[in-house]
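Reader: Hey, I'm new to this one. Could you put it up and walk me through it?

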Amino acid sequence: QSWLTLKKKKMNMINVPEDIKYLFEFSSDKKVQQDIIVNIIDSLDGSASVDYLTLKKDHQNDDQDALKKLLKAHEATKYILYSLFKPTESKEEKSQINFTYLDNLTTIDDANKTLFKEIINQNESTIKDSLILKTAQSVTPSYMNSFDWKIHYIIASDTSSNQKEIVLLLKCYIYNNIKKRKEMHMVELTVPQLKQLLDDFDKISKTLQPLTLKNAPSELLLKK
């Protein structure tokens with residue numbers, strides 16, 4: 001299942017050409033429009049949810065109809081963001097932004113399309129990473145959001161030798177998509193354990209390098 005599949009599901013609930021208009025009708029202030037689009041991009045990976053109460057608080061607006069229309073505009077914007085990239089068939093080929101769907105929309109003017117494109121170009125890597133994570137959520141409810149590490153020295157178990165041992169403390173920040181929160185898990189690795197882990201990742205990397213969409217084994221393809 002890819003983000004292209006995910007965006008098709010949304011299409012059953014929204015009318016993109018009509019709903020996207022309200023993104024720009026809600027406020028004529030370009031800064032407000034930009035902030036709304038950036039917030040939608042930040043919520044793509046599922047780590048932040050947008051609902052009626054959130055919009056009411058963010059925009060200090062009590063107009064129920066206006067906020068409901070803005071919610072639909074959010075979903076329409078996500079659909080457009082989902083349409084931007086297509087998986088490449090070669091590891092040498094990079095995914096390029098495809099503005100075809102946005103360009104073909106007749107319900108928003110060229111000035112708003114230009115604003116949309118500028119924001120998308122500025123946040124290209126964030127959008128790509130979020131779409132990949134969104135796809136991963138269809139396979140597992142949790143994924144690693146980020147990590148941090150520190151080097152510590154500890155006294156070896158044989159205290160009489162008074163020797164110190166190097167230990168890597170790895171903090172893994174896992175986003176739990178069921179509980180809708182980020183959780184921290186600590187992993188302690190000795191130097192031999194770290195070397196083994198790096199060797200394993202090197203094997204994974206070598207396995208992935210020659211793969212393309214055309215020659216990927218069928219058991220590796222995600223299916224709904």
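**A chat about the structure**

Author: Let's start with a salt bridge: the side chains of Lys117 and Asp103 meet in one, at 2.5 Å from N to O. The term stands for a side-chain nitrogen of Lys or Arg within 4 Å of a carboxyl oxygen of Asp or Glu. This pair links distant parts of the chain, with Lys117 in helix H8 and Asp103 in helix H7 (residues 100-104), 14 residues apart. Helices (H or I, at least four residues) and strands (E, at least two) are DSSP runs, numbered from the N terminus.

Reader: Okay, and what kind of model is this?

Author: This is a predicted model, where local features need pLDDT of at least 70, side-chain atom pairs count only at pLDDT 80 or more, and totals for chains, interfaces and linings use all residues. Residues are numbered from 1 along each chain as its sequence is written, and side-chain values use heavy atoms, with hydrogens and water left out.

Reader: Which ring face does Lys117 lie over?

Author: That of Phe99, at 5.3 Å from the ring centre. The rule asks for NZ of Lys or CZ of Arg within 6 Å of the ring centre and within 35 degrees of the ring normal.

Reader: How many salt bridges are there?

Author: The count comes to 6. Another one joins Asp202 and Lys206, with the closest N and O atoms 3.3 Å apart. Those two are 4 residues apart in helix H10, so about one helical turn separates them.

Reader: Is Lys206 buried or exposed?

Author: Exposed, because its relative accessible area is 54%; the cut-offs are under 20% for buried, over 50% for exposed and partly exposed in between (1.4 Å probe, protein chains only). Asp202 is partly exposed, at 37%.

Reader: New topic: how many aromatic pairs does a search of the whole structure find?

Author: It finds 3. One of them is Phe24 with Phe116, edge-to-face, 6.3 Å centre to centre and 65° between the planes. Phe24 lies in helix H3 (residues 21-25) and Phe116 in helix H8 (residues 110-122), so the pair ties together parts that are 92 residues apart in sequence. For the cut-offs, rings of Phe, Tyr and Trp (its six-membered ring) pair if their centres lie within 6.5 Å, and planes under 30 degrees apart count as stacked, over 60 as edge-to-face and the rest as tilted.

Reader: Are those two Phe residues buried or exposed?

Author: Phe24 counts as buried at 9% relative accessibility, and Phe116 is buried at 0%.

Reader: And what pattern does the whole chain follow?

Author: Along the sequence it reads α-α-α-α-α-α-α-α-α-β-β-β-α, with 10 helices and 3 strands.
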